[in-house]
Amino acid sequence: MFQIRRCTRIVKTLRSYYTVKSNESVKDPHQVAKQIYSKIKATGPITVAEYMKEVLINPLGGYYMHKDVFGESGDFITSPELNQMFGEMVAIWFLNEWSKVGSPKPIQIVELGPGRGTLSQDLLRVFDHFGALQSATLHLVEVSPLLSDLQARKLCIQSDNIIDKKSVIHRQGISHQGIPVKWYRQLDDVPNCFTLLVAHEFFDALPVHKFQKTKDGYREILIDIDLSKECSFRYVIAREETPASKLYIRPNETREHFEISPESLVLAKQIAERLEIDGGLALIADYGHNGSGTDTFRAFKKHKLHDPLVEPGTADLTADVDFDALSKSATEAGGVITFGPTTQRDFLLKMGIEHRFKALKANAKPDQIEGLEFGYKMMTESNQMGERFKFLALLPAVLEKLLKKYSVAGFH
Ligand SMILES: C[S@@+](CC[C@H](N)C(=O)[O-])C[C@H]1O[C@@H](n2cnc3c(N)ncnc32)[C@H](O)[C@@H]1O
């Protein structure tokens, strides 16, 4: 996720895409705010995690649920949206590591939170180019009906919504390359099979609890209504311990202020179990830290930072990913090993993005060159996305010996 500051360049820079209209049935932009307000009024302050979940994925007016939030006309830009090179490097990573273990088949490609479906589109294109789509299926974990629609338009020659409430699949179709594509609301519902899983800018959207050091020890930060203004909110510090502060705070914690995302930790465990049992590889890419992050909960609206408590549902909410915590959760049971986190810059350069950039530039039309250069710099320069974004790889622990001999691409 990134703000675009140099707006004059955007038109030439961004990739073309399908757009879909926002769902007109969601007419009231303050719907989520009103719901949260009523809830707090009735039952008292809520956790930041509860607030974040309501604001982002409330079925009625959640931020992601009924509008296209990406790109120039949206609130932020992501790497796959900037340029095809990002998805190509990720695809090459998967193909390389998959071939190291003998290219077992069948495979399922799984993407968590596919946004506009652009990364999956690039993965399928590259896999197809290398003849790697026989016996492959694509599985998308997405809660937003509108984004699922956008993804289907981009990826499929044909697709249908599934209305049966008992079905864990809410949409299915056939990709342009002829492979089955299925949509789920949670990873747990995706079938068990050798899995190539990617999550780009997904974990940062998962809810976090916030904690603050006080003279009485750590206390959770909650969200209460602000009675001084109509339908507005404020942070308060819990007077007593909360279930989250009892459960999640490490005994050796020293930070003044920090965030924990239990949902992310559970998901990291689920990914690890899947890789251990079914075999597979996972790549998690996001902005984040290695256990040192403090107050990172923030909002983006129209490419600018925004107060997370103002007009909830109209801006993206996000928090930096704690890669150290993710890695510990994934490796706790001993079934997987992790590599990284390494910076996006290092990962992309080690995967050869420079060579791809030169090749694309050599074949580009004059009016495409500026966009290519802009995308390349945004993705790789240290003061842009290059340092803040990190990559973490998860592989089955049984491969440890093999990976000592043939090291994991992008991480060494
Ligand atoms: C910041 S966007 C990232 C999009 C895409 N990966 C990219 O890089 O362009 C987050 C995506 O995760 C989805 N999402 C957010 N929370 C989710 C949840 N709890 N379960 C499933 N999908 C979720 C959103 O609808 C959206 O597709």
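## Around the ligand

A polar contact is a pair of N or O atoms within 3.5 Å. Keep that cut-off in mind for this predicted model. A polar side-chain atom of Thr 78 lies 2.7 Å from an oxygen atom of the ligand. His 200 also brings a polar side-chain atom to a ligand oxygen, at 2.6 Å. Gly 115 uses its backbone instead: an N or O atom there lies 3.0 Å from an oxygen atom of the ligand.

There are 19 residues around the ligand. Which of them come nearest? They are Thr 78, Gly 113, Gly 115, Glu 142 and His 200.

## Helix α5 against helix α12

Helix α5 covers residues 84-100, and helix α12 covers residues 353-363. Their axes come within 10 Å and cross at roughly 135°. The crossing is right-handed.

Which residues make the contact? From α5 come Gln 84, Met 85, Glu 88 and Met 89. From α12 come Ile 353, Arg 356, Phe 357 and Leu 360. By class, this contact has 5 nonpolar, 1 polar and 2 charged residues.

## Helix α9 against helix α10

Now take helix α9 (residues 262-278) and helix α10 (residues 323-331). Their axes are 8 Å apart, and the helices pack at an angle of about 45°. That angle makes α9 oblique to α10. Is this crossing left-handed or right-handed? The crossing of α9 and α10 is right-handed.

On the α9 side, the residues are Ser 264, Leu 265, Ala 268, Lys 269 and Ala 272. They meet Ala 325, Leu 326, Ser 329 and Ala 330 in α10. The contact divides into 6 nonpolar, 2 polar and 1 charged residue.

## Backbone details

Most residues other than glycine have a negative phi, and most peptide bonds are trans. Some places in this model depart from that pattern.

Look at the loop between α5 and β2, where Ser 103 is found. Phi of Ser 103 is near 45°, a positive value in a residue other than glycine. Pro 106 has its place in the loop between α5 and β2. A cis peptide bond joins Lys 105 to Pro 106, with omega about 0°.

Another cis peptide bond runs from Gly 340 to Pro 341. Its omega is near 5°. Where does Pro 341 lie? Pro 341 is in strand β17, which spans residues 336-343.

Key:
Residues are numbered from 1 along each chain as its sequence is written. This is a predicted model: local features need pLDDT of at least 70, side-chain atom pairs count only at pLDDT 80 or more; totals for chains, interfaces and linings use all residues. Side-chain values use heavy atoms; hydrogens and water are left out. Axes are lines fitted to C-alpha atoms, for helices over the stretch in contact, and angles run from 0 to 180 degrees between N-to-C directions. Helices (H or I, at least four residues) and strands (E, at least two) are DSSP runs, numbered from the N terminus. A crossing is left-handed if the near helix is turned anticlockwise from the far one by less than a right angle, and right-handed if clockwise. Contact means heavy atoms within 4.5 Å. Ala, Val, Leu, Ile, Met, Phe, Trp, Tyr, Cys and Pro count as nonpolar, Asp, Glu, Lys and Arg as charged, and the others, Gly among them, as polar. A residue is near a molecule or strand if one of its heavy atoms lies within 4 Å of it. A polar contact is a pair of N or O atoms within 3.5 Å; within protein, one must be able to donate a hydrogen and the other to accept it, and residues adjacent in sequence count only if both atoms are side-chain atoms. Angles under 35 degrees count as roughly parallel, over 145 as roughly antiparallel, 65 to 115 as roughly perpendicular and the rest as oblique.
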